[in-house]
Amino acid sequence: MEKIDRLGWAAGISFLTYGVRVGVRTNNPEIMGRLLERFPPLWKRAASPVVDVLYSVRVGGEGPRSNVRRFNLLYGNLEKLARTMDLDEVLQALESDLQMYVAEFSPSRVFVHAGAVGWRGKAIVIPGLSYSGKSTLVAELVRAGATYYSDEYAVFDSRGRVHPYPRALGIRENPIELPKKYPVEKLGGSAGVKPLPLGLVVSTYYTAGSKWQPRRLTPGQGALALLKNTVPARRQPEASLDALQQAMMNASAIKSSRGEATEAARNILELIDNRAS
Amino acid sequence: MQKRIEQLVPHARKEGLVVKQMPDEVLVYDLDRYEAHCLNQTAAVVWKHCDGRTTVAEVARILGKEAGTPVGEEVVLFTLDQLRKVGLLNERAARPSGARAFSRRQVLGKLGAAALLSAPLIMSIPVPTAAVSSTLPCIPEDQCNGNEPNVGGNNCQPCHTTGSSDCAKRCRRKPGSGAPQGQCVGVPAGTCT
């Protein structure tokens, strides 16, 4: 760390996010604003400089001679995470790594790769990896009136409640490009604030032309569908299984392929409303 | 041989497992194999009584009492086979030599229509690493040629088969591969990491 420390740092911040203490420093104070935009949602500035993980962003720019340019560098603790001429790539790498770190190392929350919305006082959770279409489906659920919790992580506490992770939705318009970010307000929706008990797990994936034909899963099978996408499952097996067991105690689960997200969103909300009435 | 099957005393594995009870099911996380299982009520009852003292015949009687209908030893043996396959029985609980293996259809037939819902079932999943469960942008499989652009840092994108979240092929920069920064190295199809 001494080697990195000696590079010289001009600005930094320490903050708390989902129980993880994070430090970010840079040699160029002018990019601090751009760094803050990359932090996880609901971060809070911390008074103490003691952190669990330290990111160091070295902005390259012009070298000693006019024809020399320096690489932009990103370190996560001692590890070099990015080395590129494109500063945006470094910022993207910071955002990705920070997000993953928090999801894996949060001491008090279990992060499940999933979309999550609130409906009638309970959470609907849609587990799945990239390309399963969960962001698109979450966007449609929000447009249909559900409260936005996340398109990336369902964040469970030890009581099995789902907390918000309300980052801007990342909706993919092109398969090979990074998703475009949409704040939930742009979809006419709002973000949830308080934790919700889990109501329904929807295990689904997009297949063009597919019919919505949900079959019921048992609570245990629903827990497995969540565990399959649980980030700290190997690092914190007890806590992960505890949270998911609690979550599924009063929740149900369904599985179905789906066609277009608009119709799937309507089907999901109707299913819940029909059960409630 | 019939006598040996009746007298078989199965023994459940307990080490290296995290077990959580649900109302009618049991969740089991295997810390050694990084697998998780959901045992339905029948499978859970059988596993619970694999205590190294209870014979197959006795387990069948216990199951029958809970199901409200007589249950043959074939059901227990089938369940033991399933438990053995997923590593939830101790090694010494091997199937007796010459004992038949039963299919799920045969077991359902033995249970009868009244007890169909109680057919033993074990559902299993691999437990992912944090990296696998993370979000990396995907590109279509036919565009994955081992030299993907370095989007989002030095991690390369997984390839992806259309309509599924399982990758058929991944392009990822291997540490120590000698590939220059920002270049991806292809891995063989079928090896999702």
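This is a predicted model: local features need pLDDT of at least 70, side-chain atom pairs count only at pLDDT 80 or more; totals for chains, interfaces and linings use all residues.
**Entry 1**

I started with A:Leu198 and listed its contacts beyond four places in sequence: A:Lys122, A:Ala123, A:Val125, A:Phe156, A:Gly160, A:Val162, A:Leu226, A:Ala247, A:Met248, A:Asn250 and A:Ala251.

Next I looked up the largest nonpolar core, which has 34 residues. A:Leu198 is among the residues that touch the most other members, along with A:Val125, A:Phe156, A:Leu226, A:Leu227 and A:Met248. I then checked which elements supply at least two residues each: from chain A they are β9, β10, β12, β16, α5 and α6, and from chain B β2 and β3. The largest share is from α6(A), with 5 residues. Apart from this core I found another, of 33 residues, including A:Val24, A:Tyr101, A:Val102 and A:Ala103.

**Entry 2: Ser203**

I stayed on strand β16 of chain A, residues 196–206, where A:Ser203 sits. Is A:Ser203 buried or exposed? It comes out at 18% relative accessibility, and the cut-off for buried is under 20%, so I put it down as buried. Leaving out neighbours within four places in sequence, A:Ser203 is in contact with A:Ile254, A:Lys255 and A:Ser256.

**Entry 3: aromatic pairs**

I searched the whole structure and got 9 aromatic pairs over all chains. One of them, A:Phe15 with A:Phe39, is stacked, at 4.1 Å centre to centre and 20° between the planes. A:Phe15 is in strand β1 of chain A and A:Phe39 in the loop between α2 and β3 of chain A, so the pair ties together parts 24 residues apart in sequence. A:Phe15 is buried at 1% relative accessible area, and A:Phe39 is buried too, at 7%.

I also looked at A:Phe111 and A:Tyr153: their ring centres are 5.2 Å apart and the planes at 80°, so I logged the pair as edge-to-face. This pair joins strands β9 and β12 of chain A, parts that are 42 residues apart in sequence. A:Phe111 has a relative accessible area of 0%, and A:Tyr153 is buried at 1%.

**Entry 4: charges over rings**

I found the charged end of A:Arg83 over the ring of A:Phe71, 3.8 Å from its centre.

**Entry 5: helix α3(A)**

Last, I checked α3 of chain A, residues 87–105: its 19 residues reach 27 Å from first C-alpha to last, close to the 27 Å expected. At its start, a side-chain oxygen of A:Asp86 comes within 2.9 Å of the backbone nitrogen of A:Asp88.

Note on methods. Residues are numbered from 1 along each chain as its sequence is written. Chains are lettered from A and ligands numbered from 1 in the order in which they are written. Side-chain values use heavy atoms; hydrogens and water are left out. Helices (H or I, at least four residues) and strands (E, at least two) are DSSP runs, numbered from the N terminus. Buried means under 20% relative accessible area, exposed over 50%, partly exposed in between (1.4 Å probe, protein chains only). Contact means heavy atoms within 4.5 Å. A nonpolar core is a set of buried Ala, Val, Leu, Ile, Met, Phe, Trp, Tyr and Cys residues joined through side-chain atoms within 4.5 Å. The expected span of a helix is 1.5 Å times one less than its number of residues. A polar contact is a pair of N or O atoms within 3.5 Å; within protein, one must be able to donate a hydrogen and the other to accept it, and residues adjacent in sequence count only if both atoms are side-chain atoms. Rings of Phe, Tyr and Trp (its six-membered ring) pair if their centres lie within 6.5 Å; planes under 30 degrees apart count as stacked, over 60 as edge-to-face and the rest as tilted. A charge sits over a ring if NZ of Lys or CZ of Arg is within 6 Å of the ring centre and within 35 degrees of the ring normal.
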